[in-house]
Amino acid sequence: MSVWAVLAAAGSGDRLGADRPKAFVRLGDRPLLGESLERLEASDWIDAIVIAAPPGWEEPAILLAEELGCGKVSACVAGGVTRGESVRLALAEVPDDAAAVLVHDAARPLLDDAVVERVVTALNEGWDGAVPVLPVSDTVKRVDGERVIETLDRNGLRTVQTPQAFVAQVLRDACQGDVSEASDCASLVEARGGRVKAVEGDPRLLKVTDPADLDRIAAML
Ligand code: CTP
Ligand code: MG
C-alpha cells in the first residue's frame with residue numbers, strides 16, 4: 001500500500017505575528033517546516049511527500065527539503081487561501097494509484113512515528129480515515145458572548161490533532177465540494193458519511209499558534 005503525505009505548510013501565521021510565514025519561523029536551528037519534513041522522511045510508513053508551501057515560498061521549501069536530504073518530496077505546490085484549499089491543491093499532485101494519504105500540519109512539529117503508525121494501520125482495519133485524539137481534561141461550556149449557555153459532557157469529547165490518514169479516494173471525494181470552512185480534513189469525510197476512527201493522540205504534538213507555543217515546543221526539542 002503506497003502512502004502519500006500532504007504537508008500543509010501554506011498558512012501565513014497571523015497569530016504568531018512573525019516577519020515571515022509560520023512554516024519558516026525558526027524552531028531550534030532551522031525553519032519549523034524542517035522538523036515535520038524530516039520526521040515524515042524518516043518514517044517507514046510514508047512513501048512520498050507533497051508540500052503545500054506559502055505562495056512565493058515554494059523555492060525555499062524545496063531548498064530546505066534538499067538540504068535535509070528529503071528525497072521523498074515529490075512536489076511542492078503553492079497553497080491556497082484556506083487550509084482546505086491548500087490540501088486540495090497538494091492532493092492534485094498525489095498519483096491516482098496512491099492507496100492512502102496522510103495529511104499533516106507543519107504547525108505540529110513534534111511528529112512521533114507511533115502516531116503515524118496508529119492512523120495508517122487503522123485504514124487496514126477498514127476505516128475510511130483515522131485521527132489522533134486526546135481526552136478533554138478541562139470542563140467545556142457553550143457560550144454566547146459573555147453568557148454561559150450550557151456545560152457539555154466532556155466524556156464524549158476529544159480534541160483532534162494531525163496527522164490524519166485517509167483512504168486516498170475517500171479524501172479526494174471529500175475535497176470535491178466547498179472545503180473553505182473545514183478546520184480539518186476528517187470533518188469533510190465525516191460530512192459525507194465516512195467512517196473515521198479516533199486513535200490515541202500524542203500530548204507532545206502541540207500546535208504552534210502564538211509565540212508562547214513556539215517557546216514551549218522549542219524547549220521540548
Ligand atoms: N495552512 C495551509 N494553508 C492555509 C492555512 C493554513 O496550509 N491557507 C496550514 C498551516 O500552514 C498550518 C495548518 O494549516 O500548518 C494549521 O493552520 P494554522 O495553525 O491556523 O496556521 P496559520 O493559518 O498559518 O496561522 P493563523 O491562523 O494564525 O494565520
Ligand atoms: Mg489559520
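This is a predicted model: local features need pLDDT of at least 70, side-chain atom pairs count only at pLDDT 80 or more; totals for chains, interfaces and linings use all residues.

How many of the six residues of strand β6 (residues 100–105) are buried? Select the strand and have a look: six of the six are buried, so β6 is largely enclosed by the rest of the structure. Here "buried" means under 20% relative accessible area, with exposed over 50% and partly exposed in between (1.4 Å probe, protein chains only). Helices (H or I, at least four residues) and strands (E, at least two) are DSSP runs, numbered from the N terminus.

Residues are numbered from 1 along each chain as its sequence is written, chains are lettered from A and ligands numbered from 1 in the order in which they are written, and side-chain values use heavy atoms, leaving out hydrogens and water.

**Stop 1: both sides of β6**

Show side chains on the strand. In a regular strand, side chains alternate between the two faces of the sheet. On one side of β6 you'll find A100, L102 and H104, on the other V101, V103 and D105, and all are buried.

Strand β1 (residues 3–8) pairs with β6 in the parallel sense over six bridges; two strands pair if DSSP finds at least two bridges between them. Strand β11 (residues 164–167) runs antiparallel to β6, joined by four bridges.

**Stop 2**

Next, pick H104, which sits in β6. H104 counts as buried because its relative accessibility is 0%. Its side chain makes a polar contact with the side chain of T162 at 2.9 Å. A polar contact is a pair of N or O atoms within 3.5 Å; within protein, one must be able to donate a hydrogen and the other to accept it, and residues adjacent in sequence count only if both atoms are side-chain atoms.

Stay on T162 and step to P163: the peptide bond between them is cis, with omega near 15°. P163 is in the loop between β10 (158–160) and β11.

**Stop 3: ligand 1**

Select ligand 1 and the 18 residues around it, of which A8, D14, R15, S86 and K207 come nearest (a residue is near if one of its heavy atoms lies within 4 Å). Oxygen atoms of the ligand are 3.0 Å from a polar backbone atom of A10 and 2.9 Å from one of G11. A polar side-chain atom of K207 lies 2.6 Å from a ligand oxygen.

**Stop 4**

Switch to a surface. The largest pocket holds about 800 Å³ of space, and of its 32 lining residues R15, K22, R83, D105 and K207 lie nearest the centre. α3 and β10 each supply at least two residues of this lining.

On a 1 Å grid over the protein atoms alone, a cavity is a set of points where a 1.4 Å probe fits but cannot get out, while a pocket is an open set with protein on both sides within 12 Å along at least five of seven lines; lining residues have an atom within 4 Å of a point. Points are joined across faces, edges and corners, and a volume is the space filled by probe spheres set on them.
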